Amino acid sequence: TTNGILHKRCGARELTETTLGMAKIVKILRQQGKRRGEDSSRVILRRMLVSKDMNPNEKLFQFFAGASMDKLDRFDARYLSNLAYAYALIDYVPEFDDGSDL
């Protein structure tokens, strides 16, 4: 499964950099909003990363939060800080079935 591959091949650095990169794109997309005649790459990013109301794609960011949570003990201070910053950028707090959050 995709989840299994992500867990095996991605370390703390990769998970953090991916999440932070996507969060920065979400922030830019929100700031600029929808534009007439925008290029196809921008449309693809918007459809993948944000909902119609410009909120972050919760399934996607929850997926990366779950993958990160499983490896949190291997995150150094920089990765923890960047992960927290990524979720703060998009105003999203991932929550888990047990009631905890990231």
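Trainee: Are helix 2 and helix 5 roughly parallel or roughly antiparallel to each other?

Mentor: Two packed helices are described by the angle between their axes and the distance between the axes. This is a predicted model, in which local features need pLDDT of at least 70 and side-chain atom pairs count only at pLDDT 80 or more, while totals for chains, interfaces and linings use all residues. Residues are numbered from 1 along each chain as its sequence is written, and side-chain values use heavy atoms, with hydrogens and water left out. Here the axes of helix 2 and helix 5 (residues 77-89) come within 8 Å and cross at roughly 25°, with axes fitted to C-alpha atoms over the stretch in contact and angles from 0 to 180 degrees between N-to-C directions. Helix 2 and helix 5 are therefore roughly parallel to each other (under 35 degrees is roughly parallel, over 145 roughly antiparallel, 65 to 115 roughly perpendicular and the rest oblique).

Trainee: Which residues of helix 2 and helix 5 make the contact?

Mentor: Contact means heavy atoms within 4.5 Å. On the side of helix 2 the residues include Ala 12, Thr 16, Leu 20 and Lys 27, and on the side of helix 5 they include Tyr 79, Leu 83, Ala 86 and Leu 89. Nine residues of this contact of helix 2 with helix 5 are nonpolar, three polar and four charged (Ala, Val, Leu, Ile, Met, Phe, Trp, Tyr, Cys and Pro count as nonpolar, Asp, Glu, Lys and Arg as charged, the others, Gly among them, as polar).

Trainee: At what angle do helix 2 and helix 4 pack?

Mentor: Helix 2 (residues 12-32) and helix 4 (residues 58-69) pack at an angle of about 155°, their axes being 10 Å apart, and they are therefore roughly antiparallel to each other. In this contact Leu 15, Thr 18, Thr 19, Met 22, Ala 23 and Val 26 of helix 2 meet Leu 60, Phe 61, Phe 64, Ala 67 and Ser 68 of helix 4. The residues of this contact of helix 2 with helix 4 are eight nonpolar, three polar and no charged. Leu 60, which lies in helix 4, touches Met 22, Met 48 and Leu 49, leaving aside residues up to four places away in sequence.

Trainee: Where does helix 3 cross helix 2, in terms of angle and axis distance?

Mentor: The axes of helix 2 and helix 3 (residues 40-49) come within 10 Å and cross at roughly 110°, and that makes helix 2 roughly perpendicular to helix 3. Among the residues in contact are Met 22, Ile 25 and Leu 29 of helix 2, with Leu 45 and Leu 49 of helix 3.

Trainee: How many salt bridges does the structure hold?

Mentor: Side chains of opposite charge can pair when their charged atoms come close. The structure holds two salt bridges (a side-chain nitrogen of Lys or Arg within 4 Å of a carboxyl oxygen of Asp or Glu). In one of them Glu 17 pairs with Arg 13, the closest N and O atoms being 3.0 Å apart, and both residues lie in helix 2, four residues apart, about one turn of the helix.

Note on methods
Helices (H or I, at least four residues) and strands (E, at least two) are DSSP runs, numbered from the N terminus. pLDDT is the predictor's confidence in each residue, from 0 to 100.
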